[in-house]
Protein chains: 2
Amino acid sequence: MHILIIGAAGMVGRKLTSALVAAGQVNGKPIEQLTLADVVAPAAPAGFGGKVETVAADLSVPGTAARLVASRPDLIFHLAAIVSGEAEADFDKGYRINLDGTRYLLEAIRQEGARERYVPRLVFTSSIAVFGAPYPEVIEDEFFTTPLTSYGTQKAIGELLLNDYSRRGFVDGIGIRLPTITIRPGKPNAAASGFFSNILREPLAGQEAVLPVSKDVRHWFASPRAAIGFLFHAAELDSSRLGWRRSLNAPGLSATVGEEIEALRRVAGDKAVKLIREVPDAQIISMVDGWAKNFNARRAEALGFKAEKDFDEIIRIHVEDELGGKIGG
Amino acid sequence: MHILIIGAAGMVGRKLTSALVAAGQVNGKPIEQLTLADVVAPAAPAGFGGKVETVAADLSVPGTAARLVASRPDLIFHLAAIVSGEAEADFDKGYRINLDGTRYLLEAIRQEGARERYVPRLVFTSSIAVFGAPYPEVIEDEFFTTPLTSYGTQKAIGELLLNDYSRRGFVDGIGIRLPTITIRPGKPNAAASGFFSNILREPLAGQEAVLPVSKDVRHWFASPRAAIGFLFHAAELDSSRLGWRRSLNAPGLSATVGEEIEALRRVAGDKAVKLIREVPDAQIISMVDGWAKNFNARRAEALGFKAEKDFDEIIRIHVEDELGGKIGG
């Protein structure tokens with residue numbers, strides 16, 4: 001089978017590529033060809049025996065999507081997005097990439113199918129940013145989407161389009177609303193949610209980290225490994241089980257910052273916890289106040305999606321996958 | 001004040017124009033200018049002392065929206081849409097008018113405001129078609145939007161855009177999800193929901209009507225007069241009461257076809273009821289099965305929106321507004 005990953009150079013894209021190469025198959029069908037696209041050409045993965053094409057491609061430029069689907073990939077992962085902070089800062093860019101880009105892709109698939117039958121599986125990474133405060137204590141699967149960011153708006157629109165194009169038979173779509181991915185590997189980034197990762201990743205490497213919110217802040221998490229598991233499972237799922245409700249709240253872990261820190265203490269000791277400096281940031285405190293705290297992801301769980309049960313496990317996964325089993329920098 | 005109505009030639013547009021002319025003011029501000037736009041130029045209203053401009057304008061053509069807002073109307077009603085059946089039959093046309101047209105309008109307002117501060121009130125007619133089966137017994141205000149038609153998808157996307165453009169301060173938007181408007185005046189039309197009106201309107205005029213579904217079918221209704229009341233109230237409402245959840249389920253009446261018919265019997269007698277012929281239509285039966293049956297429109301009611309309490313009232317309104325008080329054709 002031929003797989004296209006759009007947004008393959010990002011953290012999730014790279015991990016997904018590695019996981020696909022390691023598995024060698026999806027639903028028992030051997031992976032013969034990988035097309036990896038991003039705004040900068042992604043690196044070709046090591047250890048893959050099949051055909052690989054790496055493409056520098058901007059999905060928001062008309063014609064790009066048509067070129068990407070012209071080779072009729074059987075399975076498409078659409079991970080490309082302008083993240084929350086940037087979509088808020090640059091209104092036009094966010095709509096161009098996150099809305100127009102997604103619509104161009106769906107249209108390109110439909111047009112390709114108009115020439116000759118073509119209904120690929122399309123896995124779309126949505127986000128819990130489709131929700132906006134005020135929330136109930138626990139968000140159920142039928143809660144409405146009232147985003148409070150342009151990014152969340154664009155993801156919610158992407159979900160609606162994915163649904164309609166699936167219902168009309170143009171694509172076989174499934175959207176996964178990812179929890180906040182923690183522990184993100186790499187350096188601290190500018191994302192407002194970055195501190196959830198920073199306060200674990202940096203101390204685990206012997207570095208200081210800043211905590212800008214109070215310890216009783218609650219949020220919704222999954223590890224990078226769990227996220228890749230969601231996408232892989234979404235690719236293999238019998239989509240007739242979804243009906244015409246093609247987007248799902250992924251399972252995750254609801255935890256407070258205090259619980260994160262206690263897990264760090266259990267895994268890496270007081271020495272690691274002492275590396276966290278509390279420096280309240282009013283702007284981040286106010287943003288985080290609008291974020292979802294807890295879900296009941298009943299539907300995704302019934303469909304076989306799986307996430308971590310506690311932060312100890314999330315930390316252990318980071319130590320295994322990113323630190324070669326070694327704590328302390 | 002200057003009011004722009006886009007989609008002014010339709011049934012709701014014409015009634016709204018008359019109601020505005022009759023009121024002469026919105027929120028105590030005299031109406032000095034009316035711009036009435038539609039794909040064919042609407043008729044100028046009788047009895048209006050202010051300035052009227054009637055415009056033939058296709059909102060889906062780039063540049064049209066910019067021309068319409070260049071005169072900076074204070075209040076805009078966006079009623080223009082390709083209806084459900086046509087948006088399903090012609091995929092491209094539905095997206096062009098219902099999605100692109102709405103987005104062009106919002107962008108034109110934003111661009112006009114980029115030149116010099118301009119944040120008009122925008123009243124957008126959405127629809128209960130943003131919902132899709134399966135439903136709970138009663139749909140609450142926080143139920144999710146999972147449309148089962150392209151029309152419903154386009155309306156749901158319009159709501160999301162309206163929200164985001166409002167939150168960003170580009171427009172002061174409010175979306176009203178209209179119930180099925182009954183009794184629609186005029187001739188029977190091709191809309192699958194037309195029979196809800198036909199089985200009352202035709203017998204009230206001494207004509208036969210066809211009932212294609214069973215009498216226990218339940219649905220959600222409001223009169224044309226109530227719909228105009230919603231739009232007028234939406235124009236006058238203090239929008240800070242909406243927060244960033246700018247779209248509302250309008251109040252309405254949940255009733256069965258059997259209840260409609262018994263109301264007809266009370267108002268117009270057995271003779272009228274005998275004019276209804278039952279001719280089951282499998283396709284309509286199956287479509288109607290996916291439609292919403294009942295809402296708890298708590299939020300809209302708390303904001304002062306009002307609808308009819310029974311079908312006797314809906315029929316009386318039709319007799320008063322359309323038949324000059326006279327029953328029997």
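The buried residues of helix α1 of chain B are Val12(B), Gly13(B), Leu16(B), Thr17(B) and Leu20(B). Viewed down the axis of α1(B), these buried residues fall within an arc of 135°, so they line one face of the helix. The model described here is predicted.

Helix α1(B) covers residues 11-23, a run of 13 residues. From first C-alpha to last, the helix reaches 18 Å, close to the 18 Å expected at 1.5 Å a residue. After the helix comes Gly24(B), which has a positive phi, near 75°. The buried residues of α1(B) pack against the elements of chain B listed below.

| Element of chain B | Residues |
|---|---|
| β1 | residues 2-6 |
| β4 | residues 33-38 |
| β6 | residues 75-78 |
| β7 | residues 121-127 |
| α7 | residues 224-236 |

Chain B also touches chain A: 19 residues of chain B are in contact with 19 residues of chain A. On the chain B side, helix α5 (residues 150-167) supplies the largest share, 8 residues.

Strand β11 (residues 218-222) of chain A pairs with β13(A) in the antiparallel sense, over 4 bridges. Within β13(A), Ala255(A) is the residue that stands opposite His219(A).

Conventions
Residues are numbered from 1 along each chain as its sequence is written. Chains are lettered from A and ligands numbered from 1 in the order in which they are written. This is a predicted model: local features need pLDDT of at least 70, side-chain atom pairs count only at pLDDT 80 or more; totals for chains, interfaces and linings use all residues. Two residues are in contact if their C-beta atoms, placed from the backbone, lie within 7 Å. Helices (H or I, at least four residues) and strands (E, at least two) are DSSP runs, numbered from the N terminus. Two strands pair if DSSP finds at least two bridges between them. The expected span of a helix is 1.5 Å times one less than its number of residues. A residue is buried if 20 or more other C-beta atoms lie within 10 Å of its own, exposed if 12 or fewer, and partly exposed in between; C-beta atoms are placed from the backbone. The arc is that of the directions from the helix axis to the C-beta atoms.
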